[in-house]
Amino acid sequence: MLDPIPSKLLKEVLPEVIDPLLTIINSSLLLGYVPKTFKLAVIKPLIKKPQLDPKELVNYRPISNLPFLSKILEKVISSQLYSFLEKNGICEDFQSGFRPYHSTETALLRVTNDLLLSSDRGCISLLVLLDLSAAFDTIDHTILLHRLEHFVGINGSALAWFKSYLYDRHQFVAVNEEVSYRSQVQYGVPQGSVLGPLLFMLYMLPLGNIIRKHGVSFRCYADDTQLYISSRPSETYQFEKLTECIIKNRMTSNFLLLNSEKTEVNYIIIGPKSSACNDLEHCLRFDGCSVDSSSSVRNLGVLFNSNLSLESHISSICKTAFFHLKNMSKLRPMLSMSNAEMLIHAFMTSRLDYCNALLGGCSVGLVNKLQLVQNAAAKVLTRTRKYDHISPVLSTLHWLPIKHRKDFKILLITYKSLNG
């Protein structure tokens, strides 16, 4: 609603307006100034999860709709900034969010691999998941600019540009044709912007050094932080390092995000069950934070249990998939083959393929559970009878069976890792 013309029309007339656009972008870069019209956002609140109470405002994600031209300008800055970060090795090695060749799957593969190796050595591991509420919205602009200058090395007109970008921003909320008054943005980076994720990543840069000083392993994906440490059953006092690390982070004045009022802590003890594990569950205390210990925890969409068998995760996938499949079977007579297949892939295949490289060490029985889901989906799609053989159907659809899908994913990631 902030664009004077639809973006689709702008793309069509681009050859006629390319020179003025280029002048605007180059002038912004040279002067270190962002036009005020580029710093106005329309907030479209989106509920985070369907099951959450829509009357509670905290359950909404404030997505910023920005002018089309401002996104073009941000894209130019983003590509230059990212190439600078890569060239100078400034990015955090263990941050998987907002980076090419990194994903939730690569982050989880690294963590799972480390935990399995520790378990093979007979060690107990403590995995702690930090969930930061409203992380993008609590960034302090003064601290961010300080980090851009002193941690990243940006100065001169480039630093002036970022200062202009962050300060004097305004926003208003639009819901059902109703709009609120405009308010100034005092903190945070816009969710829905091109630069927001990259600036958040740079804001969190010192976090890695603090964690490493405590001898704790970690992996981040955006604002989701996984901390883990392993020790022999007789040396669980080592886990105090992790507790100290969390408290240290929370008390560090620069890290406003790690505030006890806004931070949830979930932890799970992984490894052979022993009396040491039982004692550990009673003595773990993360001062000032809400702590939840469980037999399984959700980590970037994957359920981890204490023996890393992924049994809980696969059961959850099957339950959700069959629920959707039941609804799709009712719709199937009204859909064409192509539309039905699109629906199956959106609701079923996406779930079966998500982080399936983690299934590398799973038992045959667990993999067969997922295969039953795929078989049922193929029968609904092709309207095959219940007791007909499924192999010819999968072959006709060109669907790889689950076992081969996970093998293919592992080989693909291995190939990409070896070839840069």
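Tutor: Let's start with Y165, which counts as buried because its relative accessibility is 2%; buried means under 20% relative accessible area, exposed over 50%, and partly exposed in between, with a 1.4 Å probe and protein chains only. Before we go on, please note that this is a predicted model, where local features need pLDDT of at least 70 and side-chain atom pairs count only at pLDDT 80 or more, while totals for chains, interfaces and linings use all residues. Residues are numbered from 1 along each chain as its sequence is written, and side-chain values use heavy atoms, leaving out hydrogens and water.

W161 is buried as well, with a relative accessible area of 2%. W161 and Y165 sit 4 residues apart in helix α6 (residues 156–166), so about one helical turn separates them. Helices here are DSSP runs (H or I, at least four residues), as are strands (E, at least two), numbered from the N terminus. On the face of Y165 you will find R169, at 4.5 Å from the ring centre. A charge sits over a ring if NZ of Lys or CZ of Arg is within 6 Å of the ring centre and within 35 degrees of the ring normal.

Now for the ring pairs: the structure holds 5 of them. Rings of Phe, Tyr and Trp (its six-membered ring) pair if their centres lie within 6.5 Å; planes under 30 degrees apart count as stacked, over 60 as edge-to-face and the rest as tilted. F136 and F200 are stacked, because their ring centres are 4.7 Å apart and their planes are at 10°. This pair links distant parts of the chain, 64 residues apart: F136 is in the loop between β3 (124–132) and α5 (141–152), and F200 is in helix α7 (residues 196–203). F200 is buried at a relative accessible area of 0%, and F136 is buried at 13%. The rings of W161 and Y165 are stacked too, because their centres lie 5.4 Å apart with planes at 10°.

In the contact (heavy atoms within 4.5 Å), I143, L144, R147, L148 and V152 of α5 meet L199, L202 and Y203 of α7. Among these residues, R147 lies over the face of Y203, at 4.9 Å from the ring centre.
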